[in-house]
Amino acid sequence: MNSYSELASFASYPITSLPVEWHIEAEGVRLIWDDQHVSLLHTFWLRDNCPCSECVSPVTREQLFEICDAPADLHIRDVSLTAVAEQQRLTICWSDGHVSRMHPGWLRAHCYADAARQQRVSVQHTWDRQVINRHLPQHDYQQVMTNNNALLTWLQTQHQWGIAMIRNSPTEVGSLNHLAQRIGMIRETNFGRLFDVISRSDANSAAYTTVRLPLHTDLPTRELQPGLQFLHCLRNDAEGGESILVDGFRVAADLRQESPELYQALTRIPADFYNKDRHSDYRFRAPILQTDADGELTEVRVANFLRGPLDVSANDVELFYRAYRRFIEKTRDSRYQLYFRLDAGDTLVFDNRRVLHARNAFDLKSGGRHLQGCYVDRDELLSRIRILQRQQTVE
Ligand code: OGA
Ligand code: ZN
Ligand code: ZN
């Protein structure tokens with residue numbers, strides 16, 4: 001008989017529903033819940049997720065048990081709903097004598113019936129000019145710095161829309177550090193921990209000149225493009241330098257409708273990106289559109305000024321150019337473009353793997369322009385959201 005540890009997790013799982021019937025079947029256990037939801041949980045899945053202290057370390061909450069150590073003919077002897085410390089647990093007695101006490105809140109939160117998985121898909125709103133002009137999430141610097149609920153609201157909308165504007169930021173050099181660290185670790189790169197977007201005679205990037213920057217993602221030259229990009233405006237009173245942002249997910253979705261062939265080509269044919277400098281030489285090769293195992297779009301990778309020569313099978317060259325030209329042409333359509341001027345004290349934050357950004361050329365004879373930027377990976381954003389949610393649900 002094994003001792004019991006609360007959960008294989010640090011998060012809490014409120015019990016909002018309980019199983020009212022359970023049937024041992026050939027595949028595993030079928031649970032019927034008090035709200036009629038049905039979970040069919042397979043034998044090995046249940047055994048793999050036993051939260052007892054033999055199977056999961058109560059200190060690290062990491063799994064100790066390895067499922068390949070279960071006998072191939074493992075089966076369930078008995079299932080019952082029992083009370084442990086006044087809380088209901090689904091108790092499973094296994095053919096090898098092991099006992100698992102599963103938390104109903106945890107089980108329901110991890111149920112993999114189609115309907116349950118559907119509900120867990122996080123909502124992301126794609127946008128064009130009209131939609132984002134109405135819905136651009138805006139937050140107050142002091143609020144998000146001092147109030148965790150305001151922080152969570154920012155970060156959730158940040159994830160859903162891929163963009164947010166933080167107003168009333170201080171205009172001291174370096175103050176962006178504090179805002180970014182509200183989320184998590186800053187991702188340092190060869191451009192620095194914070195980078196100064198200012199015109200320099202020894203520029204190692206088009207960003208550090210006064211030229212127009214076409215719509216792009218930053219650091220497509222790296223295996224992992226930074227997730228969030230921050231652009232903190234310290235001064236922007238030179239003529240020009242307006243910002244343009246486009247939701248790459250929306251453009252890609254529309255291209256998919258318009259021409260599945262061109263969309264597929266951009267998800268398949270790799271492009272090369274080079275970041276040439278005197279002391280570094282970063283390169284990466286990947287398709288313009290990245291999809292996951294479910295075929296969902298996860299990333300856009302594009303920057304004309306960093307593209308290397310196309311190096312693919314001759315059979316793909318014409319198709320690539322057709323698809324790439326059409327995609328870029330669509331991003332140039334003003335109906336997709338959020339267009340505005342950053343003012344001193346504004347911090348623009350966007351998902352650099354989704355939202356393309358551009359700026360117009362500017363003229364330093366007419367004033368000054370200084371932004372500071374930094375990157376924070378998507379992982380940091382999602383982790384902070386989960387931690388803030390966990391603090392909200394602590395009983
Ligand atoms: C950059 C960039 C935009 C701007 O630094 O990568 O795109 O408005 N800057 O200067
Ligand atoms: Zn166990
Ligand atoms: Zn950029």
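# Exercises on a predicted model

In this predicted model, Leu262, Tyr263, Ala265, Leu266 and Thr267 of α9 are buried.

**Exercise 1. Find which elements cover the buried residues of α9.**

Solution. 
- Step 1. List the buried positions of the helix: Leu262, Tyr263, Ala265, Leu266 and Thr267.
- Step 2. Look at what packs over them. The cover includes two helices, α8 and α10, and the strands β15 (281-287), β16 (289-291) and β17.

**Exercise 2. Describe the largest nonpolar core and state which element gives the most to it.**

Solution. 
- Step 1. The largest nonpolar core has 31 residues. Leu266, Ile288, Leu289 and Phe327 have the most contacts inside it.
- Step 2. Assign the core to elements. At least two residues each come from β13, α8 (248-258), α9 (260-268), β14 (270-276), β17 (297-300), α10 (314-331) and β20.
- Step 3. Among the elements, α10 gives the most, with six residues.
- Step 4. Take Phe327 as an example. Leaving out residues up to four places away in sequence, Phe327 touches Gly248, Val251, Ala252, Leu255, Leu266, Ile288, Leu289, Val300 and Leu356.
- Step 5. Keep this core apart from a second, separate one of 25 residues, which includes Trp127, Trp161, Leu213 and Val355.

**Exercise 3. Decide whether serine 243 is buried or exposed, and list its contacts.**

Solution. 
- Step 1. Locate the residue: Ser243 is in strand β13, which spans residues 243-247.
- Step 2. Apply the cut-off. Buried means under 20% relative accessible area. Serine 243 has 5% relative accessibility, so it counts as buried.
- Step 3. Name the partners. Apart from neighbours within four places in sequence, serine 243 is in contact with Leu338, Tyr339, Phe340, Leu342 and Ala358.

**Exercise 4. Work out which residues surround ligand 1 and which side chains lie at polar distances from its oxygen atoms.**

Solution. 
- Step 1. Sort them by class: five are nonpolar, three polar and three charged.
- Step 2. Read the distances to a ligand oxygen atom. A side-chain N or O atom of His216 is at 3.1 Å. For His357 the value is 2.9 Å, and a polar side-chain atom of Arg359 is at 2.9 Å.
- Step 3. Check the cover. On its own, ligand 1 has 290 Å² of accessible area, and the protein covers 96% of it.
- Step 4. Trace the shell to elements. Two or more residues each come from β10 (213-216), β11 (228-236), β20 (355-359) and β22 (369-376).

Key. Residues numbered from 1 in each chain as written. Chains lettered and ligands numbered in written order. Predicted model: local features only at pLDDT ≥ 70, side-chain atom pairs only at ≥ 80, totals over all residues. Heavy atoms only, no water. Near = heavy atom within 4 Å. Polar contact = N/O pair within 3.5 Å; in protein donor to acceptor, adjacent residues only side chain to side chain. Areas by Shrake-Rupley, 256 points an atom, 1.4 Å probe, with all protein chains shown as cover. Helix = DSSP H or I, 4+ residues; strand = E, 2+ residues; numbered from the N terminus. Nonpolar A, V, L, I, M, F, W, Y, C, P; charged D, E, K, R; others polar. Buried < 20%, exposed > 50% of the residue type's maximum accessible area, 1.4 Å probe, protein only. Contact = heavy atoms within 4.5 Å. Core = buried A, V, L, I, M, F, W, Y, C linked by side-chain atoms within 4.5 Å.
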